[in-house]
Amino acid sequence: MAFDIKKLLRPHILSIKPYSSARDEYSGKEGIFLDANENPYSAPTGEAFNRYPDPYQHLIKERLGPIKGVGKEQIFLGNGSDEAIDLLMRAFCVPGKDNVLLLPPTYGMYEVSASINDIAIKRVSLTEDFQLKPKEILEAVDEHTKIIFICSPNNPSGNKMRRSDILAILNGFEGLVVIDEAYVDFSDEPSFTTELNEFPNLLVMQTFSKAWGLANLRIGMAFASAEIIRVLNLIKPPYNISGLTQERVLASLENAEKVKEVVASILKEREVLEKSLKRIPLVQKIYPSHANFLLVKVPAAKEMYDYLTREKIIVRDRSKVTLCDNCLRITVGTQDENRRLLEAMSEFQSLVKTLKP
Ligand SMILES: *Cc1c(COP(=O)(O)O)cnc(C)c1O
């Protein structure tokens with residue numbers, strides 16, 4: 001299928017002139033900088049925050065490229081993955097006219113971002129076991145469908161999508177296919193970044209918020225063709241990643257091997273948690289997970305959720321979500337946190353027993 005980014009983009013995007021920041025015009029480090037109306041003195045705390053950060057985060061991209069096996073020009077960094085989602089909507093979808101295709105149950109931000117931008121949403125639900133329906137998905141596409149969002153491993157179900165189904169969608173859809181791999185580090189499935197050169201209509205999102213433990217800094221990654229990345233860079237706010245974030249992410253990248261250790265312990269804890277949950281009679285089903293959380297079916301999710309909350313153990317009630325009737329989404333915590341969760345669930349179990357006639 002022919003992918004033509006010029007046909008896919010909102011027409012006016014093609015004629016936008018980028019904001020030219022002072023730091024775009026002179027990239028040297030040495031000099032007397034009187035070009036950006038910055039304060040020559042440091043912040044009230046004494047910290048050197050007075051200069052604007054690198055708008056294109058060159059140092060991070062130089063280190064990240066080899067780790068992810070992609071070129072620098074194939075990387076976009078955003079203020080969380082959420083910024084990339086929003087920019088994609090704004091670049092490709094004409095409000096009130098175009099639509100995006102969502103596959104519920106899935107990550108809520110795609111819908112929120114589409115709604116904010118007045119972009120219509122089409123939906124094709126996943127199967128009962130949370131897999132894609134490629135035939136139905138491709139049939140649901142119309143001339144105004146610009147983006148299909150696939151989340152794999154999926155939030156909130158935790159499973160990974162079949163690779164062959166994703167490939168069928170990539171092959172059969174002329175618009176943009178976004179694969180959100182926020183949880184890919186917890187999966188044995190290789191990233192779709194290896195397919196970027198094969199599919200010009202592919203964009204892979206990852207994040208520093210989960211496996212890297214940097215949710216507080218707000219930084220997400222998008223990998224795609226240089227053509228698509230250029231568009232995201234064109235329409236982003238110039239200084240979308242703070243200098244402090246850039247500095248700490250760089251330091252984290254220097255310690256990338258630590259991520260593997262942390263992921264390994266979370267996976268070990270996930271296994272222990274799953275085994276222990278199985279021993280609680282109220283737990284009816286634990287869905288297979290390739291992520292750092294478990295989707296768990298119980299008879300009365302709301303009651304269990306309320307009980308846990310009173311015990312100051314906060315999980316996510318997903319009962320109202322498509323195909324997730326009576327399901328709680330439980331993030332894998334530390335060994336101690338998981339133990340306390342299990343204790344509270346067992347207490348709830350015995351309470352329910354005494355209450356029942
Ligand atoms: C947590 C999560 C993200 C990460 O979002 P950030 O804005 O980068 O923190 C992205 N996608 C999914 C499906 C997630 O669950």
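**Close-up 1. Residues that line the largest cavity of this predicted model****.** The lining consists of Ser-152, Pro-153, Ile-166, Ile-179, Glu-181, Val-184, Ser-187, Glu-189, Pro-190 and Phe-192, where a cavity is a set of points on a 1 Å grid over the protein atoms alone at which a 1.4 Å probe fits but cannot get out, and lining residues have an atom within 4 Å of a point. By class, this lining has 6 nonpolar, 2 polar and 2 charged residues (Ala, Val, Leu, Ile, Met, Phe, Trp, Tyr, Cys and Pro count as nonpolar, Asp, Glu, Lys and Arg as charged, and the others, Gly among them, as polar). The largest cavity holds about 50 Å³ of space, a volume being the space filled by probe spheres set on the points, which are joined across faces, edges and corners. Residues are numbered from 1 along each chain as its sequence is written. In this predicted model, local features need pLDDT of at least 70 and side-chain atom pairs count only at pLDDT 80 or more, whereas totals for chains, interfaces and linings use all residues, and side-chain values use heavy atoms, with hydrogens and water left out.

**Close-up 2. The cis peptide bond from Ser-152 to Pro-153****.** Omega of this bond is near -5°, and Pro-153 has its place in the loop between β4 (145-151) and α7 (163-172), helices (H or I, at least four residues) and strands (E, at least two) being DSSP runs numbered from the N terminus.

**Close-up 3. The cis peptide bond between Pro-104 and Pro-105****.** Here omega is about 5°, and Pro-105 is found in the loop that lies between β2 (99-102) and α5 (109-116).

Key: 1 Å grid on protein atoms, 1.4 Å probe; cavity = no way out; pocket = protein on both sides within 12 Å on 5 of 7 lines; lining within 4 Å.
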